[in-house]
Amino acid sequence: MRGEKTVLYKNDQSPPARSVKMLMSLLGLNFIEQRDINPLFREQDTPEMRKKNPMRTIPFIDDGDFSLGDSHAICLYLLEKYGKPEHEYLYPKDIKKRATVNQRLFFDCGVVFQRLRAVMAPTYMGQMTEMPKEVIGGIRNAYGTLEAYLSESVYLADDVMTIADICTISTVSSLDGLHPVDGKRYPKLRQWLTNMYAKDFVKEENQQGCEDHVTYLFAAMELNKQQKSKL
Ligand SMILES: N[C@@H](CCC(=O)N[C@@H](CS)C(=O)NCC(=O)O)C(=O)O
C-alpha cells in the first residue's frame, strides 16, 4: 500500500538526485521525506520499488497515489505543484524561453549525463582503470556545446537562472571533478560554474555529494587497476 507521505528516494552521490534536492531546497520543500537508496547494491530493484519506478534509477519520487522517475521530470513536477509566482523565472511562461529551457533539460539528460555515465557504469562494474581518450573527448564535446549556449546568455537558457541550470550543475560539477573545465578553453562555462558554486543551495545540497562521488570514482578506478594487475 502506498504511504501518504511524499518520499524522495535518493543518494547524495547521485547527480540527478542532487538536482532534485537543490530544487527542493530552493522551493523550501522540507516536508518531503528523503530516503537513501544505494544503487550499487541494487536497492531499487525490489518488487515494490520496481512497481513504483520501472526505470529502476535514482532519484524517484513517491507521492501517494503517484510516482515518478527521472530528475528532470521530478523537478518540473515539484515546480508545477509547489512553485509560487516568485519562482516563475525558473520555468518562464514565454514559449520560446520555455522551449529553450526544455531543450537544455533534454541536453543534460540525453547528452551530458550520458557522458558522465560513460565513466560511472564501467567504473562501478570493475572495468575502468582510468578515463580513456574517447571518454574525455565526449566530455570535452559536451563542454563545447555548453560553452556555445553560454555565449548566448549568462545562464544556460536565459540571463537568469532556470531549472535547466539546477539540473545541469549536478552533472557538470561531477564532470568538473573528473576532468576539470579548462577556463582558457571554456571561459563562459568556467564562469557559469563559479556563479553556480557560489549559490547557497548548491553549496548545501550539491557540494559534498559531488566531492564524495568524484572521490569514490577515482578510488574505484584505482582499485580496478590493482585487481587487473593481479590477473
Ligand atoms: N535520467 C535519469 C538518470 C538517473 C540515473 O541513471 N541514476 C543513476 C544513479 S546516478 C542510477 O540510478 N543508476 C542505476 C541504473 O542505471 O541501473 C535522471 O535524471 O534521473
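Helices (H or I, at least four residues) and strands (E, at least two) are taken here as DSSP runs, numbered from the N terminus. The structure is a predicted model, in which local features need pLDDT of at least 70 and side-chain atom pairs count only at pLDDT 80 or more, whereas totals for chains, interfaces and linings use all residues. Residues are numbered from 1 along each chain as its sequence is written, and side-chain values use heavy atoms, with hydrogens and water left out.

The chain is divided into domain 1 (6–87) and domain 2 (89–230), with bounds that come from an automatic or database domain assignment. Taken over C-alpha atoms, the centres of domain 1 and domain 2 are separated by 19 Å. To the contact between them, where contact means heavy atoms within 4.5 Å, domain 1 gives 21 residues and domain 2 gives 29 residues.

His-87 is placed in the loop between helix H3 (71–82) and H4. With a relative accessibility of 11%, His-87 counts as buried; this term means under 20% relative accessible area, while exposed means over 50% and partly exposed lies in between (1.4 Å probe, protein chains only). When residues up to four places away in sequence are not counted, His-87 touches Leu-26, Leu-27 and Leu-79. Although His-87 and Thr-162 are 75 residues apart along the chain, their C-alpha atoms are separated by 9.3 Å.

Thr-129 is found in the loop between helix H4 (95–124) and helix H5 (133–150), and its relative accessibility of 23% makes Thr-129 partly exposed. Leaving aside residues up to four places away in sequence, Thr-129 touches Met-221, Asn-224, Lys-225 and Lys-228. From C-alpha to C-alpha, Thr-129 and Ala-219 are 9.6 Å apart in space, while 90 residues apart in sequence.

Around the ligand there are 16 residues, of which Arg-42, Ile-58, Asp-70, Ser-71 and Arg-117 come nearest; a residue belongs to this group if one of its heavy atoms lies within 4 Å of the molecule. An N or O atom in the side chain of Arg-42 is 3.0 Å from an oxygen atom of the ligand, and an N or O atom in the side chain of Arg-117 is 2.8 Å from an oxygen atom of the ligand. In the case of Ile-58, a backbone N or O atom lies 2.8 Å from an oxygen atom of the ligand. Of the 510 Å² of accessible area that the ligand has on its own, the protein covers 86%.

A search of the whole structure for disulfides, defined as pairs of cysteine sulfur atoms within 2.5 Å, finds zero. Cys-109 is in no disulfide, and the nearest cysteine sulfur, that of Cys-167, is 9.1 Å away; at 27% relative accessibility, Cys-109 counts as partly exposed. The sulfur of Cys-210 is too far for a bond, because the closest cysteine sulfur, in Cys-167, is 15 Å away. Cys-210 has a relative accessible area of 8% and is therefore buried.

Key: A polar contact is a pair of N or O atoms within 3.5 Å; within protein, one must be able to donate a hydrogen and the other to accept it, and residues adjacent in sequence count only if both atoms are side-chain atoms. Accessible areas come from the Shrake-Rupley method with a 1.4 Å probe; for residues, only the protein chains shown count as cover.
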